Amino acid sequence: MNDLTPQRLDPARLAAIAKELRRRASRMELSRLYPDETQEIDGKTYHARRLYPKHLAFFQAGARYRERCAMAANRVGKSMGMGGYETALHLTGDYPAWWPGRRFSRPVRWWAAGKTNETTRDIVQSILLGEIEGSGATKRVSGTGLVPGNRLGDRTWKQGVADLIDTIKVRHASGGWSVLGLKSYQQGRGSFEGTTQHGIWLDEEPPLDVYGECLIRTATTQGIIMLTFTPLEGLSETVLQFMPRGGE
């Protein structure tokens, strides 16, 4: 006669299983944003996408326009909910069924940039890739950002800047590899010269010469440029590019 008494799992084993489940859940943020209806998962509330009409309008405009700017106050979801979310979709090709914007059917070359090396690392990189784990030869990103960790591939580190990635590969739904490059305006216009890109996300207001160089990088691909920032410098040259009638 078989013994059907449930076997008691070792507490250490249970703890390891729970930890692994939490790790996997932390890599699912991209698929959880903008649900049909508001829901709570793992103690976090994800609001229905209809409650974000400005965000949806921003996405939809990408299907028609190469240049877009989300210019708004702080803490309204510009970086993560607009620029970061759309960048992650293009890198992975994991577009939700409701997606109204531009779609790429094949892997993309993409840049994401912030004002300084530090803000690029602490904001842009963190949003897309998660935090830095380990050190030395074992150093890696956690994969708890918007790009799922199991889609991340080979990476290179930027020289002279602690914990800032230079380029990283992202597995695209089509089977190939997208390539994400991280940059900063601090590096100057010259660092934005060179290769063509399918898209560029500029988080924080860029100098006009950097923005102009980004337009050139995306010209031959008919790629897209997204800006997400709060206009802290007033009616600057860059801001005026997106004001009706040049800010008159």
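No disulfides, defined as pairs of cysteine sulfur atoms within 2.5 Å, are found in a search of the whole structure. The structure is a predicted model, in which local features need pLDDT of at least 70, side-chain atom pairs count only at pLDDT 80 or more, and totals for chains, interfaces and linings use all residues. Residues are numbered from 1 along each chain as its sequence is written, and side-chain values use heavy atoms, with hydrogens and water left out.

Burial was assigned from relative accessible area (buried under 20%, exposed over 50%, partly exposed in between; 1.4 Å probe, protein chains only). Cys214 is buried, at 0%, and Cys69 is partly exposed, at 22%.

Helices (H or I, at least four residues) and strands (E, at least two) are DSSP runs numbered from the N terminus, and two strands pair if DSSP finds at least two bridges between them. An open sheet of mixed pairing is formed by seven strands, in the order β3-β11-β10-β4-β9-β8-β7. Strands β3 (67-71) and β7 (152-157) each have a single partner strand, so one side of each is left without a neighbour in the sheet. Axes are lines fitted to C-alpha atoms, for helices over the stretch in contact, and angles run from 0 to 180 degrees between N-to-C directions. With direction ignored, neighbouring strands of the sheet are turned by 15° against each other on average.

Strands β8 (residues 165-171) and β9 (residues 177-184) run antiparallel and are joined by five bridges. Val170 is placed opposite Ser178 in β9.

Contact means heavy atoms within 4.5 Å. Helix α3 (residues 53-61) packs on the sheet, touching β3 and β11 (224-229), and its direction makes about 165° with that of β3.
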